[in-house]
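Subject: Structure for your files, with notes on cavities and one hairpin

Hello,

Here is the structure I said I would pass on. My notes follow below it.

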Amino acid sequence: MNSGKKMRRAFAYPYQLFRVMKIALFLTFISITGLYANGFSQQVTLHGKKQQLSVLVKNIEQQTDYHFIYDKRDIEGIDIDQVALEGAPLNQALEQLLTPAGLGYKIVDHYILLKPLADRGGAMNRLQERKIEGRVQNSAGQPLRGAVVTIKGTGRSTATGADGQFTLQMPGNKGQLQVRFMGYEPQEITLSETTVYRITLKEQVDALDEVVVVGYGTQKKADLTGAVVSLKKEDLTQHADASIGQMLSGKAPGVTIRNTNALPGGGVEILVRGAASTGAGNDPLVVIDGFPVSGGALEPSNGTNDYYQGDRSPLNSLNPDDIASIDIMKDASATAIYGARAANGVIIITTKRGKEGVQLNYSTQYSNQQMRKPFQMLDATQFMHETNKVIRERWLRQYSIAPYGNVDSTTVTSWIPRYSEAQIAEAGAGTDWWDLATQTGHIQSHNLSLSGGNETVKTFTSLGYFGQNGVLKKSKFERFTGKFNLDYKVTDFLNVGLSALATQINNSNVQIGEGQWQGSGMIMSALMFDPTLPVKDEEGNYSIANYYANMPNPVSFTEVDDHTKQQRFLSNVFVEVVPLKHLKIRTSVGIDHQQSERKAYYPKTFLFGQLRNGQATINASGKDDYLFDLTATYNLTHHQHQATFMAGYAYQQFNDDYRGITASDFFTDAFSYDNLGAGSDRPLVGSSRGRSVLGSYFARINYSFNSRYLLTLNARYDGSDKFGANNKWGFFPSAALGWRLSEESFLKEVRQLSNLKLRVSYGQTGNSNIGSNAFAFYDVNRTAIFNNEIALGATPSQLANPDLKWETTTEANIGLDFGFFNNRLTGTAEFYDKTIADLLGYRDLRSWMLLPSVAANLGKTKSTGVEIGITAVNIDNKNKNLHWSTTVNYTSYNDRWKERSPDVVLSPWQSASDPIRAVFNYITDGIVQPGEVVPHMPTAVPGNIKIKDINGFDENLNYTGGQDGKIDQADLVYIGRTDPAFTLGISNTLKYKRLDLTVYGYGMFNRWVYNQSLLKYVGWSDKLWEHGTNLRVEAIDRWSSLNTDGKYPSDAPNTTIGADAWVWEKASFFRIKNITLGYDLSNRFLKRTFKTFRVYLDVQNPVVFTSWSGMDPETDGGSIAPYPNQVSYSLGLNLSL
Amino acid sequence: MIMKVQHYICLILLLAAFGCEKDLEPTVYNRLSTVNFPQTVADAEVLVNGIYGEFRGDNAWYRYSINPEARLMLGEYGTEECWMNWEWANTPQMNFDYNPNYDLFTNFYGRMVPVVTKATAVIAQLKEVSFDDTEAQNRLIAEVKACRALWLYDLDGFYGQPQVVLDPEAALNPQQLYYPPKLSAEEFLAFVETDLLEAMAALPVQASEYGRFTKGAAMTILLKFYMRYHAWEKAANLSQEIMNLHQYELLDDYTSIWSINNERNKEIIFALGCIAENNPNTNLMRAHVLPADYVSPNGAPVVAYSGYRLPWSVYDSFDDADIRKKTMVKDYYVRSGSNLELVDGRATQRLINGALPLKYDEDRNSDGTYQGNDLVILRYADVLLLRAEALNKLNGLNQESVDLVNEIRDRAFLGNASKRIQLADFASPDAFDDYLLQERLWEFCFEGERREDLIRHGKYISYAGARGKNAQAHHVRYPIPMSAVIEGQGNIKQNAEY
């Protein structure tokens, strides 16, 4: 590693100039013709003996609105013997302090510039001088006043005026112009013969100065005491995904994200710090522009349990392009302000807001998606051949012919192959159903946004379109979004604003569910359909398998009309009043209105529709959440003490409703779902409605002393109608301490260290996600038939538990933020330990009782974890314009039981402290061979998988400690967890001049998954005969009397418990998610027109490293036919004016 | 002035803030709260409907249904009648591999045991609802008792005297820890006898609505209990009482007993109503039986799981002139190009393992899966043959028993007198008893009665042994689920030898 040398050089960078409160910014001292500020009326009070000048300077900054700018070396080591100023005017105080120290000052705007009185620079030769002039502006085109413009190596400087204009006398023709302005990245320009320059400075983002959105307010990152991951727009580039969910994978330490299916807009599982809640869900709370939204995506059903459209991400309604930042609160200190809903972490999404000036952005992208065949299925020839083999093997077994017995095969009816040799010979490859069911996917997106405003009114408006045709035929996702954010400063004391989002999503659903038999989805059908069949039979009907008429033809799925229209209107209005100088009162009122309507028609050309003579359904779900909140924030600064007090109240009401109709028996398919009255079968109707309410009081104190010692206290008191009379209210406090070690004098001298902060927090949060389960209900959920009519019946459906209360998470967190070598190496490490007590769930009643369970608080779980995020700037060569940085994120968590509810009867193989998602499995022991007798498996036949007899039970279910000659649960062994041992995300960014390259990947390691697809498409080889359904080519290598060293068990059924033990597999993987190559053309030939003009190429999911033998180690969460991830190639353009 | 405005705004904001949540009482719109349910007579009726609904539960599969885990097939396993093309289900039952972890045998237990508890609770609740008409109240209670008795009959038959909640106190306090006692055979029979006698007293001879329990249905359940427990005298008396109701008779056409067009016929004592919809109350028999290449000559939709077969050896035991053989189908239509062709399934090896047990005929309104034919649970022929059996046990060979059998045979052979049996044909009561077992096979083939019959005659194990199966004495009980044994913590005992 050669970076050590580079880092030393970086550290030895000569301009160790330093500003106290704000941005680390280099500034040479200059003579200014600028205006003297009119701030001399500001008064300063300073007392004390023998104080460092640097401390006094900070003190003045805290007392006034001014900030100092100086060369650190100029004031280092200067002590002031005695100060005694009481309400002295600023200029008087400055003179008294600085003059004896040999320093002078000038005031420009709100800055006080310090410099030694003696001019250290030499006189310059005055040669061939010429005047250059120009304008300095920000990226929004607004003039920057007070920017410092220097001709390098000459000491000639000036500051820009109110209109951003500057003029300088320049010696000679060649040179470099340096432009610096606080909060912006310095820029160097090679001077040419041109005399007029327009210079646009880019806003600088300093890690410590970033503002992080915390609940009900913001905080500087430097002042944070909680475990928070803050992601900016740049971290979240979206490519071939509809929502930001997928793009968070591996980006934030402590956040585990898994694609649950990859269909357009497909679902993601987001876990913040594991999943230690066992019954109340582990979904984090999502807050969009201050509105805590509830629940998942609204997906009404299609009127049949058989066909499922796949889960979709609830974040789909947001246009990723509108997002400015995502802040993820992880520990109790950060989340406790959201109290009862915060136990699983909080994800705060903030959208872009208007800025002064006008900026127009447009981005577009086109992608092409290729679906890789997940695995090879038998072609027609192989299929026929293997089917005959299965029939022969069955025949051998049925008549107990060798190797299954010793019956002479000539004494029994001989077997008849299903396919003759002649048929096999001419079969060829047959129909490739996979090919017929899939297509090349396309994605097109367009985003147009306009940010504009002045000091009083600022707006952000955007329109977005995202359209995707999936790789399965007929799968389609289309989204239209409109976003409008307004900030209006009505008077000095009154601000109002609005965040509004309107979204419409049109989905074309394909059936990809996990159903079997007649409920098989399109993917399963395309994999399993008989390759010897044509698409349509002689009469033009879709062919149906001869031996299994219950699986729809894969191509016939395209005849189904099934559409979901999702609409969302999310709006939040705020009013902010400043009645006193440091007091801010803010209230907001919001509504989250969602409507989702599913319309489906199953025509007679599709098996399901054929059986019902056409079936049409219209189902609609609605959701209306209302929010009211009020907060008061008070800022207090006194000497080195700085404190913010916040208190507030929030009320939220959640409403949902559902209604649906289904009709069938249509004389024609022509109406689709648009004329339900034409169905002659009695329509089925249904509706439902629900409501719940949450009221909360909360308070927070942020205190810092001398910017070094930080304290945060949080408390929230939540009341919910979900809980029993005895426990409606819950209290959730937290406390956190932060210590900025790098600000301490004993570490300030360690030049390698740029930042070091230690954080410790402890607190409680809650989880109330259990529905209205504290109360007893009867449901009308049974039917009997009397006189051939349906008679409705009611049965008890839920038992009451008036003592039901919040699940409470108590969490301790230790975090360390660090930066070395001038922040070239930065990172955060977090360690947490949380205990979830009063777990919400269902206490199992004895199975012979009235109902199987009752909602209850049960036992405790414990989760510990480590999260590390490191970013290294490997190369930062400004001269060569080369920049390379690497970010690595590591997350691991361990969720275990800590204490079980006393009435839980543990199975003998379980222990009280098992991992929550423990996998107990039987141990396989090869395959039964001819003549082999397996005493503990009396019904085993050759070809069955063998299970090891390890242990036994006595009659009281105690382990006997040795083999007992049979296979039962005593032989179960703990093998691991379904949780990943750790997840890893690695991102590399390389920039060379205007070229940028990003390579980003993530992975999950050491997690066990039940490989359903191995069982179904390899293990169930008897289905070749029974159903005539297809198998993977691997199934050829199954055991048979002709292939006794086969790898997989034979088609013979194995009724021994645990016969499927062999399909548990480790699903570790590392996926290269994106490789993006971009080039910004704006400075080449378009600079007069565009501020940016970046074109890029992206390839998504090009490679997955895994040993998993299913379809996709990520989406195969134990499912049979998930929609796997695809490879996408994208071409995109971002431009701004 | 300005200061006033901003303070005014603040005041409004603060006032608006507090107490929005009020008393946090839950609002429930579409569920019934126990606060006000059940109270009225209408509530009580809906509650009783719910108990009837438990025959089928919340879906058409399991419980009193047709799939391999359900009531009908559990009455067939291990018998000569039963063949399933699904090896996963056929192999364990053929080999008497009755594993306590195998859902095939234990699913019914897991579903029906808590349903018994529900009935116990509802009986207690009905007593608390105030009726103007106590007769109606007693009738509803009796209906629930009859439901429960039928479930207990089947649980007992499959798993031995079941450990179920019959104590109302325990049923109404589901959260307490309660282990139902293991009743002895005598105690168990005494309980159901008392219960059914009470029910019989309150039930009408004719149901107000078809599908509800009647006096005759309750009597028939008790008759079957008496037969199981060899209470021959009680059985003989009770069967006479059933006949004396004059509500039931043998239907002239055997094959139409299960016909969609002939529901509510006089032979049916109790049936579970079915409709041709995706509703729990539907008939899945044909879908489970039909072979995949089966085509309806009427053009009706066909769903074909190709599961159940009557082995050819049993098929061949039928007399060719026996009308009952027609319900076991060998010849059926398949597609041949664009025409239909009638094929002999046996000769063409389309039906390798046996004939198609197709007592339920085609419902043309069905989508193929869900048929409307009512599921026949109790029928009069059974009462006659059980009476014949009881009298033989009680009195030895007797003419009345022979006459009862001949009623059945006359129908089967369309009155052909040469097919009647004669008292002289039988050397001993045992020989007649054995003959009755054979006659019952022909009469009740694939109706889920065979296992019970064989066990009652003590032939279940020996017949299996004669077929070369490794059946052992303990196989007359299925195992109870391992999970119940674990939960029971020593209080729920597994059936012996499992």
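In this predicted model, β9(B) gives the most to the lining of the largest cavity, with 5 residues. Strands are DSSP runs (E, at least two residues) and helices are runs of H or I of at least four, both numbered from the N terminus. α3 (71-74) and α6 (134-159) of chain B, like β9 (375-379), each supply at least two lining residues.

A cavity here is a set of points on a 1 Å grid over the protein atoms alone where a 1.4 Å probe fits but cannot get out, and lining residues have an atom within 4 Å of a point. The largest holds about 340 Å³, the volume being the space filled by probe spheres set on points joined across faces, edges and corners. Its lining has 24 residues, with B:Leu72, B:Val376, B:Ile377, B:Glu447 and B:Glu449 nearest the centre. By class, 15 are nonpolar, 1 polar and 8 charged (Ala, Val, Leu, Ile, Met, Phe, Trp, Tyr, Cys and Pro nonpolar; Asp, Glu, Lys and Arg charged; others polar, Gly among them).

The second largest cavity, about 140 Å³, is lined by 5 nonpolar, 12 polar and 2 charged residues.

In chain A, β13 (211-214) and β14 (217-220) run antiparallel, joined by 4 bridges; pairing requires at least two DSSP bridges. The two form a hairpin with 2 residues between them, and A:Tyr216 in the turn has a positive phi of about 55 degrees.

Residues are numbered from 1 along each chain as written, with chains lettered from A and ligands numbered from 1 in written order. Local features need pLDDT of at least 70 and side-chain atom pairs 80 or more, while totals for chains, interfaces and linings use all residues; side-chain values use heavy atoms, without hydrogens or water.

Regards

Conventions:
1 Å grid on protein atoms, 1.4 Å probe; cavity = no way out; pocket = protein on both sides within 12 Å on 5 of 7 lines; lining within 4 Å.
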